[in-house]
Amino acid sequence: MAAAIALSARGRGLSTPNPNVGCLIVRDGHVVGRGWTQKGGRPHAEAQALEQAMDRAQGATAYVTLEPCFHLSPRGPRCADLLVRAGVARVVIALRDPDPRTDGQGAAWLRDRGIAVEMGLMADDAARAMAGFVLRQTRGRPHVTLKLGLSLDGRIALGDGTSRWITGPDARAHAHVERARHDAILVGGGTLRADAPRLDVRIAGLQDRAPRRVLLSRHAAPDGWERIAAPQDIATLDRVDHLLVEGGAATAAAFLRAGLVDRLLLYRAPIIIGAGLAGIGDIGLGDLAAAHGRWRLIDQRRLGIDGLEVYEAVSSA
């Protein structure tokens, strides 16, 4: 299942509005088929894995990160049917599908046709890998990652606004890979005016994965951009399940005040700036005790000379 979850990451930022699912077909201890949801949502992971496995799927075990879809669609067959037709003997599912069109029906269909079904293996990990789809189904909005490149003392720029470059090339490359994993990327009006950011993906082989550009502003957006007036408006962004917020301090504070940050990416450079620009503005905190217990560290690593810390909002775990 861990391998299937890793495969599912390949579809993140590409499969929306469908979930980025991963699937492995295993027979006699050997992987005979693998798949992940493709660009635009089709083919589904199960369909791709079964096509690769062909007749070797007979009597095999399918490991799939999300309950196989049960609803009928003009875009392709439902995966529960495909697994039955292929003759798999067992289906191991990580996460029950929160989409009411499936929600337990896919697993029941398989069981009714004599297939052994297990559900719940590594469900939390699968939910984290498909966080955008899960939040869209359960809360009606995309999953939000707030990315900050900071000095050791929490600054994002010198006092005059100079910010290139706080972090080194390894951290910047990692940030570009993160862009490729999101459907859209958002900045505030101040960042747009000060930096005129391209918000593209400058990594060889991933240049075509640049996310849509969104502006948080009360004013009109330039050509090629979409605009929202308030953080809560992210719910109106069509086909956006994973949103990356990159700047600036007022925008970061606005999303934090609204309780709309699910994940923090903190890139820390080993420098001290002093009287520079703070990374985050006022979030309306009136009691220091209320700041505790809101974030959980889920990853930490070195990126060249810089450090990366990844935090998950406790409420989104």
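Residues are numbered from 1 along each chain as its sequence is written. Because the model is predicted, local features need pLDDT of at least 70 and side-chain atom pairs count only at pLDDT 80 or more, while totals for chains, interfaces and linings use all residues, and side-chain values use heavy atoms, without hydrogens and water.

The protein contains 9 helices and 15 strands, taken as DSSP runs numbered from the N terminus (helices, H or I, at least four residues; strands, E, at least two). Its radius of gyration is 21 Å, which agrees with the value near 20 Å that a compact globule of 317 residues would have; the radius is taken over C-alpha atoms, and the globule rule is 2.2 Å times the number of residues to the power 0.38. Along the principal axes, the C-alpha atoms fill a box of roughly 65 × 40 × 40 Å. Of the 317 residues, 50% are buried (buried, under 20% relative accessible area; exposed, over 50%; partly exposed, in between; 1.4 Å probe, protein chains only).

The whole structure holds 1 cavity of 30 Å³ or more, and the largest cavity has about 40 Å³ of space. A cavity is a set of points, on a 1 Å grid over the protein atoms alone, where a 1.4 Å probe fits but cannot get out; lining residues have an atom within 4 Å of a point. Grid points are joined across faces, edges and corners, and a volume is the space filled by probe spheres set on the points. Among the residues lining the largest cavity are R12, T16, N18, F133, D241 and H242.

H44 is placed in the loop between β2 (30-36) and α2 (45-53). H44 is buried, at a relative accessible area of 12%. Beyond its neighbours within four places in sequence, H44 contacts N18, T37, C69 and C79 (contact, heavy atoms within 4.5 Å).

Positive phi values occur at D103, about 25°, and at M122, near 55°, neither being a glycine. D103 sits in the loop between β4 (90-95) and α4 (105-112) and is partly exposed at 34%. M122 sits in the loop between β5 (116-119) and α5 (123-129) and is partly exposed at 30%.

How values were computed:
1 Å grid on protein atoms, 1.4 Å probe; cavity = no way out; pocket = protein on both sides within 12 Å on 5 of 7 lines; lining within 4 Å.
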